[in-house]
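Please walk through this protein one part at a time.

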Amino acid sequence: MREAVLAAPTGDDVYGEDPTVAQLEQRVADLLGKEAAMFIPTGCMSNHCAIAAHCARGDELICGTKSHIFNYEGGHASVMMGVGMYPVETQVDGTLDLSHVQAAIRVDDPHFPRTSLLCLENSHNMCGGKALSADYMTRAGQFALDHGLKLHVDGARLANAAVALNTPCADLVTMADSVSMCLSKGLGAPLGSVLAGSDSLMYHARRTRKLLGGGMRQVWSVGASVPLRRLSLRAAGGLCCCCRVDCAGQH
């Protein structure tokens, strides 16, 4: 890792001139089946940027009662973005009952906030690292689409879920409008996260990253620490193809 960092091409990521980070972003976008991706210093900030891109001030998102977004990110959606959070019960397997989600969607009435976003977590931290299946993720994505919602996946440990399910990461987020994935959880990097989605979403998310102080100019040192050659993110014999350890149960 240290040798890779020392040898990495350098540039200014704020100006989009860092070839090392650009390569990392494109690789992650390809692996997740999305148009584009952006390096962000932390997973929490990745979620912040996604929420800000999907929601207007005064909107409401739906998330789980045990979700990281609801419990462990300082209430950022409300504090920083002016977005309310409507928690529905998290099931023991980390999923949200879609009938409960449907009941939480606000009717179109000026008395109520506008429901605009559904947030899922895969794998699920507070449910013992449970991995949500590709089938469930696809059904949830179709549900969101049918109800006029965007879907954001807090995939901090998505690589772990892919290993546990023997499923490529892209198959777990096919219907997602945005995905945040940490580089430091099962992928071997010392820090960092990547947010993936459409080109349009990245445009808006990049503005929020700047607003939150997340534009790190000399970030090539982090980008170079990610083992791109082994970043296939496919399950291989229960081993993470990046760190070569059994990480399916990490949470």
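Helices (H or I, at least four residues) and strands (E, at least two) are DSSP runs, numbered from the N terminus. The model is predicted, and local features need pLDDT of at least 70, side-chain atom pairs count only at pLDDT 80 or more, while totals for chains, interfaces and linings use all residues. Residues are numbered from 1 along each chain as its sequence is written, and side-chain values use heavy atoms, with hydrogens and water left out.

A cavity is a set of points, on a 1 Å grid over the protein atoms alone, where a 1.4 Å probe fits but cannot get out, and its lining residues have an atom within 4 Å of a point. Grid points are joined across faces, edges and corners, and a volume is the space filled by probe spheres set on the points. How many cavities of 30 Å³ or more does a search of the whole structure find? The search finds two.

The second largest cavity holds about 30 Å³ of space. Helix H4 (68-71) and strand E4 each give at least two residues to its lining, and E4 supplies the largest share, three residues. The lining includes Cys63, Ser67, His68 and Asp154. By type, this lining has four nonpolar, two polar and two charged residues. Here Ala, Val, Leu, Ile, Met, Phe, Trp, Tyr, Cys and Pro count as nonpolar, Asp, Glu, Lys and Arg as charged, and the others, Gly among them, as polar.

The largest cavity holds about 40 Å³. Strand E4 (residues 115-121) again gives the largest share of the lining, three residues. Among the lining residues are Gly64, Thr90, Leu96 and His124. Three residues of this lining are nonpolar, five polar and one charged.

Now turn to helix H3 (residues 43-54), where His48 is found. Nine of the 12 residues of H3 are buried (under 20% relative accessible area, with a 1.4 Å probe and protein chains only), so H3 is largely enclosed by the rest of the structure. His48 is one of the buried residues, with a relative accessible area of 12%. Leaving aside neighbours within four places in sequence, His48 is in contact (heavy atoms within 4.5 Å) with Glu73, His76, Met81, Thr208 and Leu212.

Finally, look at Gly223 in helix H11 (residues 220-223). Gly223 is buried, with a relative accessible area of 3%. Not counting residues up to four places away in sequence, Gly223 touches Thr20 and Leu24. Gly223 and Asp18 are 205 residues apart in sequence but 9.4 Å apart in space, C-alpha to C-alpha.

Note on methods: Buried < 20%, exposed > 50% of the residue type's maximum accessible area, 1.4 Å probe, protein only. 1 Å grid on protein atoms, 1.4 Å probe; cavity = no way out; pocket = protein on both sides within 12 Å on 5 of 7 lines; lining within 4 Å.
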